[in-house]
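Visitor: I am new to protein structures. Could you walk me through this one, step by step?

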Amino acid sequence: MPAITRHFPKGVVVSPHHLASAAGHRVLADGGNAVDAAVAANLVLAVVTPYYCGVGGDLLAIVWDGAARGVASIGRAPAQASVEQVRAAIAAGHGDPSVSHAGTAGMPMFGALPVTVPGAVAGWFHLLERWGTRSFGTLSAAARELALDGFEVTPRAGAAVAVARERFGDDPSWEDHYGRMRTGRRFVQPELAATLTTLAEDGPQAMHRGHIAEAIVATLQARGSRMTLADLAGHTVEEPTPLVGTYRDAQVLELPPPTQGVTALTALAVLDALGPLPADHALATHLQVEAVRIAMADRQDHLADPEAMRTTPAALLAPERIQALAREVDPQHAAPWPSVRPAPGGTAFLCAADRDGVLVSLIQSNFVGFGSGVVVPGTGIGLHDRGAHFSLDPGEPAAIGPGKRPMHTLIPALALRGGEPWLVFGTMGGDGQPQIHQQLLVELLDRGRSLAEAVDAPRFIVDVADGSVALESRSPSGRLQGLSDRGHDVRPLEAYDDRAGHAHLIAVTPHGYAAASDPRCDGGAIGH
């Protein structure tokens, strides 16, 4: 069903599941602010979409309260982690290099070894301490009720479980918990409800120092990880200053490394430097893909924990460098695709706005569907696998090491016009996130589309492993042939394909807000 632009005079919440959007809206209607609403919605997503996000994941956000404030609750690798330690653990039977993250010299994708310190809980509490007007206990009530009483599993959720069962079905901890999810049936999670109650009563220290932390460490160590209680207790939430780039007449705000925000800004900057977008859809898409190619090559060569990077975002985005990169684009021929490490996705993006003009762009993730596949017994917590982005090549900036943060695909975004907020936006999709950011802004700023038209427009997704371009089947006539003629390997997607992301938009208008939710998910925009 095509997207719809909806208008709200006072406030709105947009998320990838209607139950989460409804919970967030109830908070707004009760007088809570956008941050309260975003946390409430995210907590419901942690219950109803555990294949996207949850208590065991990380969290990033941009909050506008008159200025743009970044929030990054990104977990670090254990203090005892090293290339040698991970290799030894694999040799001892922990982690299967046959399912390694492609190109990472054997870093496992699943199991305990790619689990870094989970940051979501600390992120929620930080947001509430900094901007919230409601307690965690109040805001988690809807999530706790859904966990305890259950909810009906949608066909989309059932399909995600079926895919994950092929990976994790032999693991009793995963199968006993998430294996009970079946399309059309009620799914209850009493252990997760109890965990949320503990967090409401004891605060984030329960996750990082209490009995929940002890259970996490025991589970991970039994599977070869070197995670300790000290690692969990040492977690901190940062407020990084957002990076600012320009596309057409908009200022685009993204978070700095270790996120791929600079990747999104590079793709936009190169496309902007190429001049007005041509009306020919095939040529326009070719130029967009070439800008993505350049940005992804930069991500591979440079992006890591900023403490390990050998350059800076300012250097990567320097105008003279961007102009030089743009001059290398051939409008008629695809350039060879560089060797790039893929970063698949499994993420929930949501956004919120309130009557006082507070805006929230929030993204939270377990990474690949259901994350590591490790479920902590007695807690209902599935742990993420963000450490799969590390490399086992000690010469790379992204090599795993003590206390390092992995490269993060999560990029909440905000755009300004004339220095004032214009658009809150973002998407799930791993490698697709910078690509979809670019496509949304192209639809809005180059083609003059409405929010609904922009979020509904057929998308392309470049597979960074080989540079092939997947096109949704609704793409304009001639787009596929025009790309093929320029040397691109073009492949089909369904009309509204999950792999093309779940993007959500809120625009600030003279009369309040306009919003649109991606038709590729079970979400919705709900406001008043």
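Predicted model: local features only at pLDDT ≥ 70, side-chain atom pairs only at ≥ 80, totals over all residues.

Visitor: Is Ala 41 buried or exposed?
Guide: The cut-off to know is that buried means under 20% relative accessible area. Ala 41 has 0% relative accessibility, so Ala 41 counts as buried.

Visitor: Which residues is Ala 41 in contact with, leaving aside its neighbours within four places in sequence?
Guide: A residue can meet others from elsewhere along the chain, so let us set the sequence neighbours of Ala 41 within four places aside. The contacts are then Val 13, Ala 20, Gly 24 and Leu 350.

Visitor: What separates the C-alpha atoms of Ala 41 and His 17?
Guide: Along the chain, Ala 41 and His 17 are 24 residues apart.

Visitor: Where do the buried residues of helix H3 lie, seen down its axis?
Guide: Helix H3 covers residues 83–91, and its buried residues are Val 83, Gln 85, Val 86, Ala 89 and Ile 90. Seen down the axis of H3, these fall within an arc of 165°, so they line one face of the helix.

Visitor: Which exposed residues are on the face of H3 turned away from its buried side?
Guide: Exposed means over 50% relative accessible area. On the face of H3 turned away from the buried side, the exposed residues are Glu 84 and Ala 91.

Visitor: Which strands are the edge strands of the sheet with 6 strands?
Guide: This open sheet has the order E4-E3-E10-E9-E2-E20, with antiparallel pairing. An edge strand pairs on one side only. That holds for strand E4 (68–73) and strand E20 (524–527).

Visitor: What is the bridge partner of Ala 352 in E10?
Guide: Strand E9 (residues 347–353) pairs with strand E10 (residues 359–365) in the antiparallel sense, over 7 bridges. The partner of Ala 352 in E10 is Val 360.

Visitor: How many bridges join E7 to strand E8, and what is the partner of Val 244 in E8?
Guide: E7 and strand E8 (residues 250–254) run antiparallel and are joined by 5 bridges. In E8, Val 244 has as its bridge partner Leu 253.

Visitor: Why is the pair of Trp 124 and Phe 136 called tilted?
Guide: The structure holds 10 aromatic pairs. A pair of aromatic rings is described by the distance of the centres and the angle of the planes. For Trp 124 and Phe 136 the centres are 6.5 Å apart and the planes are at 40°, so the pair is tilted.

Visitor: Which ring does the charged end of Arg 417 sit over?
Guide: Here a charge meets a ring, with the charged end of Arg 417 lying 4.5 Å from the ring centre. That ring belongs to Trp 422.

Technical notes. Residues numbered from 1 in each chain as written. Heavy atoms only, no water. Buried < 20%, exposed > 50% of the residue type's maximum accessible area, 1.4 Å probe, protein only. Helix = DSSP H or I, 4+ residues; strand = E, 2+ residues; numbered from the N terminus. Arc of directions from axis to C-beta. Pairing = 2+ DSSP bridges. Phe/Tyr/Trp six-rings, centres within 6.5 Å; stacked < 30°, edge-to-face > 60°. Lys NZ or Arg CZ within 6 Å of the ring centre and 35° of its normal. Contact = heavy atoms within 4.5 Å.
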